[in-house]
Amino acid sequence: MLEGGKINTRQAIALMVTMVLPTAFLFVTSVTGHLAKQDGWISLLLSIFTALLIGWVAVNLSLRFPGKTLFQYVELILGRWLGKFVAFLYVLWYIHINALIIREYGSFLVAAFMPETPISVFMLLILAISAYAVRNGLEVFTRVNEIIFPLILVTVIVTSALATPEMDLKRLQPVFVENGPVPILKAAFMPAAWMSEIVMLAVLSPYLTQIKDGYKIAATSTLITGTFLIISFVGGIATFGPEVIGGWLFPALNSVRVIHLANFLERLEVTVMVVWVAGALVKISVFYWAAVLGSAQWLELKDYRPLVLPVGIILFATSIMLHDSILDLFVFLGTAWPPFALTTFQGGFLLLLLAAAIIRGKVGKRK
Amino acid sequence: MRNKLACLALLVMIAGVLGGCWSRKEMSELAIVLGAGVDSAPGGQVRLTLQLARTSAFMAGGDGGGGKEPSTWVISDTGETIADVQRKLSAKISRHIYWAHDVILVFGEEAARGGIRKYTNFFSRELQPRETMWVMVARGEAKDILETGSELERTSAQDIGFLARARTGFSVIFKDFIIMLASKGGNPIATMVEIVDRGVISGDIAKDKPTKRKGVALTGTAVFDDDKLVGWLNMTETRGLLWLKGEVLKGVITFPSLTEPGRELSVNIIRGQTEVEPQYDGESVRFYVNIEVEGDLIEQQSVHESVLEEHERNGMEKEMAREIEGKARLALDKAQGEYGLDIFDFGEAFRRKYPREWEKLKDRWNEVFSGAGVEFAVDSHIRRSGLQGRRTSVPE
Amino acid sequence: MARFVKPLRARQFGRGQSNAGHSGVEEQPKENDYSSQDLQSLDLSADLQTNLGQIKAILSECSDVIYREFDFAQDDRIKLAIIYVDGLASKSQNSDQIMRALMLDAPLVEERVEFTRERAFTLIKKKLLTVHQLDETNSLGGVIDAVLSGDTVLLVDGHTFALINGTRGWEGRKVEESQTEIVVRGPREAFVETLRVNTSLIRRKIHNPNLKIEMMKLGQVTRTEVALAYIKGIVNDKLIAEVKERLERINVDSILETGYIEELIEDNPRSPFPTVFHTERPDKVAAQLLEGRAAILVDGTPYVMTVPFLFIESLQFPEDYYERSLVSSAARLVRLFALLISLLAPSVYVAIITFHQEMLPTSLLLSLAAQREAVPLPAIVEVYAMEIAFEILREAGIRLPRQVGQAVSIVGALIIGEAAVRAGLVAPGTVILVALTGIASFTYSYSSSLSIRLLRFPIMALAATLGLYGVICGVLTILVHLSTLRSFGTPYLFPVAPLSPGGQKDVAIRAPWWAMSRRPRLVGMNNLRREAAGLKPKPPPTRGKQ
């Protein structure tokens with residue numbers, strides 16, 4: 001067995017939330033707020049539905065091939081050679097998306113906290129820690145997440161609560177009329193792409209103690225993530241208003257920066273950094289693990305641990321080379337990436353796979 | 001396992017060796033900015049004035065000679081942009097200029113009249129300056145404001161910061177200021193500060209005669225047309241402005257007694273709330289301003305009326321409402337008449353209710369606002385009366 | 001006393017003879033050289049002198065071994081000899097219950113029973129010896145083991161069996177108040193160095209036939225007695241099998257303390273964190289056993305190990321369970337906070353004053369900055385120096401003779417700190433911080449505090465290079481590491497990660513006893529329920545009506 005760990009439903013839900021929330025929380029508000037202004041929460045609702053749909057597809061596929069990961073059952077659906085090819089693409093995809101995440105992570109820390117420090121330091125450190133976690137398997141970073149997950153939720157709630165004196169819910173009005181449907185739809189792409197990272201369930205499901213709970217996991221975690229994104233978005237708009245929010249790179253950070261209570265509770269953004277780094281560790285570990293596991297299954301190895309180091313090096317190099325600067329990264333994430341992700345690996349491909357599986361249906365089910 | 005540990009140890013060590021210089025700033029290498037002033041300088045340049053804390057003067061306890069040493073250092077220079085001046089200043093200041101604790105940001109009158117947007121970007125783009133610093137406009141030069149001292153606080157910047165925090169006048173943090181700058185439905189306003197006489201110092205230090213002190217006070221509100229300063233509201237009008245913006249937090253309302261002419265009563269405000277309801281019939285815009293206020297009676301010059309008697313109390317409350325409306329009218333008239341500017345964010349209220357109509361009106365909103373009728377409905381209550389129910393110093 | 005209980009026999013579980021280590025080739029014993037022999041396989045001969053000769057050869061140059069040959073019932077019919085170690089065996093017992101019985105009392109018995117050479121052995125055993133505890137052996141090794149453990153061996157001429165009389169009676173420390181784990185409320189007694197006393201202390205708490213105490217001897221040279229205690233029916237049988245397997249794997253020359261065993265049976269030997277718990281409190285061990293853990297007792301040390309050890313136990317103290325739950329819960333939270341302080345306070349301090357000055361309120365920043373104005377050293381150097389100074393003082397405090405200890409601690413705490421501040425070498429804030437960190441590290445379990453104190457140094461280095469980011473990375477690394485740890489199969493961070501909602505009743509808070517109706521899930525899974533439902537006290541139903 002490549003991965004001996006098993007995680008229960010509760011752990012899986014927490015893992016799926018932490019896997020999406022930290023980076024989404026930080027980046028989504030800006031793009032959504034810029035495009036859809038105060039109606040961004042409608043976009044978020046739309047993206048929740050999209051993610052629920054994609055989650056359903058991913059779980060449905062997995063249930064057809066119990067005990068098999070995405071990398072394995074594509075071969076059953078598409079046949080050995082085409083299957084191998086698609087599985088390979090998926091491994092590349094997980095490396096690509098993780099490189100993006102690591103780059104986002106480093107860029108944020110450099111831009112918002114420590115401009116003098118080279119970005120590679122942040123990326124190397126976090127990669128080293130997650131390599132350690134990944135080497136020790138799924139159960140380990142799941143357990144780490146069980147400690148981090150409540151911290152993330154509590155921090156988001158507490159900082160939002162502390163910022164309420166700065167908020168004015170009137171800034172959410174008027175609803176819908178000013179912007180109309182087109183910007184709202186456009187703004188929904190980015191959060192949808194983010195939340196459809198739930199596709200990870202297709203890799204994770206063999207390692208669930210209750211595979212049948214897959215739908216529950218997908219739905220619950222998407223709803224939790226969506227709720228927190230909406231809280232963060234509404235908080236951001238209520239604090240800054242639709243005109244200002246699109247200008248910030250990290251509105252969630254600014255929302256915390258404006259907290260000033262009792263001459264003491266001020267300048268709390270470092271706590272955000274703390275929690276965010278912790279969340280990002282889990283996120284990066286999950287994708288790292290998927291890439292390593294996928295390549296091991298693709299190569300049909302008995303143990304994935306020898307691959308941890310090489311994949312880590314590839315991740316580091318890719319994340320450095322992909323983009324020149326945070327500006328490039330932002331433009332890419334805001335424009336090209338969401339449609340790309342949604343039409344291919346995090347949506348389109350899965351739908352095609354499901355269709356193929358249904359057509360060849362009985363083959364899959366019997367296995 | 002061993003390799004892994006070795007790798008981690010190596011990473012930590014590498015981090016330790018490479019580190020050292022990156023973002024580390026020893027506290028004794030910081031020039032802590034407490035107040036910043038922006039003035040315009042000849043040739044379209046900008047003059048930045050910094051009030052820096054002389055940290056050695058802040059020693060607690062007996063050793064540091066606290067209080068005797070001057071606690072601030074004010075220094076300024078001119079340049080093309082604020083960042084440019086900052087760079088120039090760093091040639092004069094031996095430490096890193098550290099913005100994170102900047103309490104106030106003061107714009108000089110002339111700079112503000114020339115358009116303030118030119119100067120604000122640095123403060124929102126840079127990491128260190130906070131969105132929570134207080135934004136003010138100086139009557140005169142910002143530099144002069146920063147060069148003053150303080151009697152109760154260590155530095156005048158902190159002094160002014162506390163004044164602003166007390167919210168007796170209109171005060172605004174940088175975040176809200178840039179929101180106002182970005183909004184079409186209202187014009188920005190900021191606290192107005194100037195140098196005034198602030199009492200005398202007496203006691204041991206000034207043996208012979210009390211020394212007069214000058215210091216900074218909040219004296220009203222600066223009114224902008226888009227980003228250009230156009231005028232001021234005095235303190236009384238500012239109170240009216242606060243009622244209209246619904247930002248009254250603290251303060252005292254003083255109004256004449258109904259039954260005893262020439263005698264006044266004062267009520268301390270506990271809670272106030274304002275709602276603005278626009279109405280548009282396709283031609284004219286009207287605003288209905290509903291103000292709800294609760295307060296405690298804290299002083300009564302009149303002798304015979306008593307807050308305990310319901311009808312007398314009702315009379316007081318009515319008089320109080322009239323006073324509030326009067327103050328608000330004062331500010332409104334000035335905004336509508338003298339300046340012709342919506343400084344109350346009425347436009348935002350209108351936009352929320354009539355988003356489609358707003359599209360047509362927004363470009364000439366100030367004009368529409370000036371012609372709009374405003375009706376007040378003030379609902380005031382006296383909830384408590386301090387420790388006394390009726391006056392006892394009057395012989396029956 | 002406890003030493004009268006059943007004699008200690010090696011290898012009652014497991015692998016029988018081969019425990020002494022050397023297996024295989026059976027050689028004829030060379031004269032006077034028994035060191036490489038497997039003594040257990042050498043039988044006693046029927047001739048007393050041969051036996052004595054062999055034993056003397058094995059125990060040659062052992063000046064503390066005493067051989068006493070005497071005759072049965074004052075005549076020459078039966079030759080006897082006793083062998084014991086001076087100082088280990090009780091002399092009064094030897095003279096009263098063995099020699100007196102055999103030499104003086106025997107004629108009285110002989111009036112009714114006839115002693116012959118052939119029947120002597122059984123009759124001595126059944127009718128004469130008044131020793132409480134009697135056992136027999138036919139191997140030379142058994143004899144040697146018994147003698148060296150403090151028993152008295154009686155050899156009877158003409159018999160290939162030797163009688164082992166339980167006469168252990170050496171000088172040992174009395175059961176005293178615990179020195180290292182002090183409680184205000186609760187039993188005060190602590191374990192001592194004698195294994196039997198220790199087992200009796202546990203048995204005194206748990207009067208139940210299911211409390212099992214199995215013995216074995218470990219260490220080829222020291223032949224130390226090791227006991228494994230558990231409560232059958234509560235403990236998970238797999239755990240016991242695992243512990244036994246790990247204990248039996250041990251093949252070392254000596255066991256002087258539980259620490260020797262600990263390092264040989266740990267799951268993660270390289271981890272800085274302890275995965276085995278030590279205590280010198282019998283009540284603690286009893287509580288551990290009742291939760292489904294196993295205890296390992298080693299002769300010669302007052303420390304008893306229990307496994308599995310979960311990280312959360314660092315914060316749990318016996319008193320928590322004796323005091324009211326609300327008070328105990330508050331104390332738990334204080335300890336948790338103190339744990340975080342002792343791990344992180346110096347590094348967070350360094351990070352804030354050299355990287356994140358914006359986090360401080362302005363007035364605090366100004367007064368700290370004023371303090372630091374006078375200090376020539378970078379904050380990290382200052383904190384490192386003070387922390388190391390504190391560690392030196394602490395270490396010295398343990399080793400110092402009690403008489404000078406007080407003087408040194410005063411010198412350390414007052415003079416050094418005060419002088420350093422006055423000389424402008426250290427900022428007063430740093431002194432406060434280091435003192436706080438040091439004190440905080442004594443609030444939770446000592447063995448965990450050792451690891452945590454160690455780990456705070458690398459985190460400080462990270463804080464000095466990367467600020468709070470470095471601190472978080474350090475903490476996350478520790479967290480990942482803790483998540484990989486297991487103690488005898490149980491995840492170290494249980495019941496926090498993996499989360500067990502029921503287990504939370506004994507983590508950050510200590511729920512009242514009537515609410516903690518179940519044992520920790522992964523530990524006591526064999527028998528979860530430990531109390532009846534509905535124990536919450538309430539006033540009798542009639543009271544309201546009257």
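Leaving aside neighbours within four places in sequence, Glu391(C) is in contact with Arg453(C), Arg456(C) and Phe457(C). Glu391(C) belongs to helix H12 of chain C, which covers residues 379–399, and in this predicted model the residue has a relative accessible area of 16%. Glu391(C) therefore counts as buried, since the limit for that class is under 20%.

When neighbours within four places in sequence are set aside, the contacts of Leu125(A) are with residues of chain C, namely Leu466(C), Tyr469(C) and Cys473(C).

Among the contacts in chain C with a separation of 6 or more, 67% are accounted for by residues 24 or more positions apart. The chain carries 61 positive and 60 negative side chains, and a distance of 10 Å lies between the centres of the two sets.

The domain assignment divides chain C into domain 1 (35–165), domain 2 (195–309) and domain 3 (323–491), and the centres of domain 1 and domain 2 of chain C, taken over C-alpha atoms, are separated by 33 Å. For chain B, the assignment gives domain 1 (28–233) and domain 2 (239–396), with 32 Å between the centres of these domains, again taken over C-alpha atoms. In chain B, 20 residues of domain 1 are in contact with 20 residues of domain 2, and the area buried between the two domains is about 1600 Å², of which 59% comes from carbon and sulfur atoms. Lys184(B), Gly185(B) and Leu233(B) supply 31% of the area that domain 1 of chain B buries against domain 2 of chain B, more than any other three residues.

Contacts between chains were examined next. The size of an interface is often given as the accessible area lost when the parts come together. Between chain A and chain B this buried area is about 3100 Å², to which carbon and sulfur atoms give 56%, and the contact takes 37 residues from chain A and 30 residues from chain B. Arg257(A), His260(A) and Arg267(A) supply 19% of the area that chain A buries against chain B, more than any other three residues. Between chain C and chain B, the buried area is about 2500 Å², with 67% given by carbon and sulfur atoms, and the contact takes 26 residues from chain C and 29 residues from chain B. On the chain C side, Arg270(C), Leu366(C) and Glu373(C) lose the most area to chain B, together accounting for 25% of what that side buries.

Several features of the backbone remain to be described. Most residues other than glycine have a negative phi, and most peptide bonds are trans. Glu300(A), by contrast, has a positive phi near 55 degrees and is found in the loop between helix H11 (269–298) and helix H12 (308–322) of chain A. Glu61(C), likewise not a glycine, has a positive phi of about 55 degrees and is placed in the loop between helix H1 (48–58) and strand E1 (65–71) of chain C; with a relative accessible area of 79%, Glu61(C) is exposed. In chain B, helix H6 (residues 156–166) includes among its buried residues Ser156(B), Asp159(B) and Ile160(B), and H6(B) is followed by Arg167(B), whose phi is positive, near 55 degrees.

Cis peptide bonds are present in chain C. The bond from Val307(C) to Pro308(C) is cis, with omega near -5 degrees, and Pro308(C) is found in the loop between strand E10 (304–307) and helix H9 (318–322). A cis peptide bond also joins Phe494(C) and Pro495(C), with omega about 5 degrees, and Pro495(C) lies in the segment after strand E12 (490–491) of chain C.

Definitions and conventions. Residues are numbered from 1 along each chain as its sequence is written. Chains are lettered from A and ligands numbered from 1 in the order in which they are written. This is a predicted model: local features need pLDDT of at least 70, side-chain atom pairs count only at pLDDT 80 or more; totals for chains, interfaces and linings use all residues. Side-chain values use heavy atoms; hydrogens and water are left out. Contact means heavy atoms within 4.5 Å. Lys and Arg count as positive and Asp and Glu as negative; His and the chain ends are not counted. The place of a charge is taken as NZ of Lys, CZ of Arg, CG of Asp or CD of Glu. Domain bounds come from an automatic or database domain assignment. Buried area is the accessible area (1.4 Å probe) that two parts lose on being put together, summed over both. Helices (H or I, at least four residues) and strands (E, at least two) are DSSP runs, numbered from the N terminus. Buried means under 20% relative accessible area, exposed over 50%, partly exposed in between (1.4 Å probe, protein chains only).
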